[in-house]
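I opened a new notebook page for this chain. The plan is to go from overall form to single residues.

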Amino acid sequence: MWVTSLVASQCGQPTAASLTQQLNITPYPGFPNYRVKLEEISGEDVVTTEEKIFVYSNFKLNQFSIAGSGKNCNVFVAIKLNGVFGDYDTPCDLFTAAAPRTIKPEFKATAYPNSFATNFMIDVKTSGESVVIIKVYDMVRRLIDQREVRVLDIETTTIGERYPSGIYNVVVSQEDTVETVRVVKR
């Protein structure tokens with residue numbers, strides 16, 4: 001019968017395929033129906049199987065409900081001719097890439113002394129090198145002070161000299177990381 005398959009460069013040796021990467025079927029002119037079978041493999045055993053019919057010669061693994069990151073898969077393709085699907089081709093071995101891990105940089109902010117009489121400083125523990133933004137709010141959420149400080153200069157930056165006695169929320173941020181510290185001026 002009529003056999004088609006995935007484009008050869010996408011198969012053979014197990015390759016890391018993303019769930020959103022387009023996989024291309026070797027097109028068979030004039031026959032727009034393709035049946036694709038996805039098998040999840042563990043060792044030599046088939047764990048789960050799912051079939052879908054496509055009217056175009058490409059698809060993505062995330063179109064299959066069983067597809068997931070970090071899995072070994074076999075992909076089979078068959079074409080429809082004269083209303084009948086042919087046999088499946090030789091399987092294409094794929095390994096789905098694990099989702100990239102984002103490592104959140106270390107970030108911790110503390111204020112000292114707390115409570116303070118004249119001023120306070122911020123101690124920032126960070127693995128990042130970008131600018132640290134310090135915003136100070138009073139208890140009615142009014143912005144009292146705002147600064148951008150280089151990581152190297154943070155240990156010599158004093159804050160609060162002209163603040164009246166009260167309680168303040170200090171928001172310390174670097175890129176997407178935020179810490180809030182409450183300080184009290186006596």
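My entries on fold, ring pairs, salt bridges and surface follow.

**Ground rules.** I am working on a predicted model, where local features need pLDDT of at least 70, side-chain atom pairs count only at pLDDT 80 or more, and totals for chains, interfaces and linings use all residues. Residues are numbered from 1 along each chain as its sequence is written, and side-chain values use heavy atoms, with hydrogens and water left out.

**Overall form.** I looked up the secondary structure and found zero helices and 15 strands. Here helices (H or I, at least four residues) and strands (E, at least two) are DSSP runs, numbered from the N terminus. The radius of gyration is 29 Å, well over the 16 Å that the globule rule gives for 186 residues, so the chain is more spread out than a compact globule. That radius is taken over C-alpha atoms, and the rule is 2.2 Å times the number of residues to the power 0.38. Along the principal axes, the C-alpha atoms fill a box of roughly 90 × 30 × 25 Å.

I then checked burial: 35% of the 186 residues count as buried. Buried means under 20% relative accessible area, exposed over 50%, and partly exposed in between (1.4 Å probe, protein chains only). Next I took the contacts (heavy atoms within 4.5 Å). Of those with a separation of 6 or more, 54% join residues 24 or more positions apart.

**Ring pairs.** How many aromatic pairs does a search of the whole structure find? The search gives seven. Rings of Phe, Tyr and Trp (its six-membered ring) pair if their centres lie within 6.5 Å; planes under 30 degrees apart are stacked, over 60 edge-to-face, the rest tilted. Phe54 and Phe59 are stacked, at 5.3 Å centre to centre with 20° between the planes. Both residues are buried. Ring pairs link Phe54, Tyr56, Phe59 and Phe64 into a cluster. The Phe116 and Phe120 pair is tilted, because the planes stand at 50°, with the centres 4.9 Å apart. I read 0% relative accessible area for Phe116, and 0% for Phe120.

**Salt bridges.** I used a side-chain nitrogen of Lys or Arg within 4 Å of a carboxyl oxygen of Asp or Glu. The whole structure holds eight. One of them joins Glu179 and Lys108 at 3.6 Å, N to O. This pair links distant parts of the chain: Glu179 sits in strand β15 (residues 177–185) and Lys108 in strand β9 (residues 107–112), 71 residues apart. Lys108 is partly exposed at 42%.

Lys52 bridges to Glu50, with the closest N and O atoms 3.8 Å apart. Lys52 is partly exposed at 28%, whereas Glu50 is buried at 14%. Asp153 and Arg150 meet at 3.0 Å, N to O. Asp153 counts as partly exposed at 31%.

**Glu39.** Is this residue buried or exposed? Glu39 counts as buried, because its relative accessibility is 10%. Its place is in strand β3 (residues 34–42). Leaving aside neighbours within four places in sequence, I list its contacts as Val46, Thr48, Thr49, Asn72, Cys73, Asn74 and Phe76.

**Surface.** The accessible surface comes to about 11,100 Å², with 50% belonging to carbon and sulfur atoms. I took areas from the Shrake-Rupley method with a 1.4 Å probe; for residues, only the protein chains shown count as cover.
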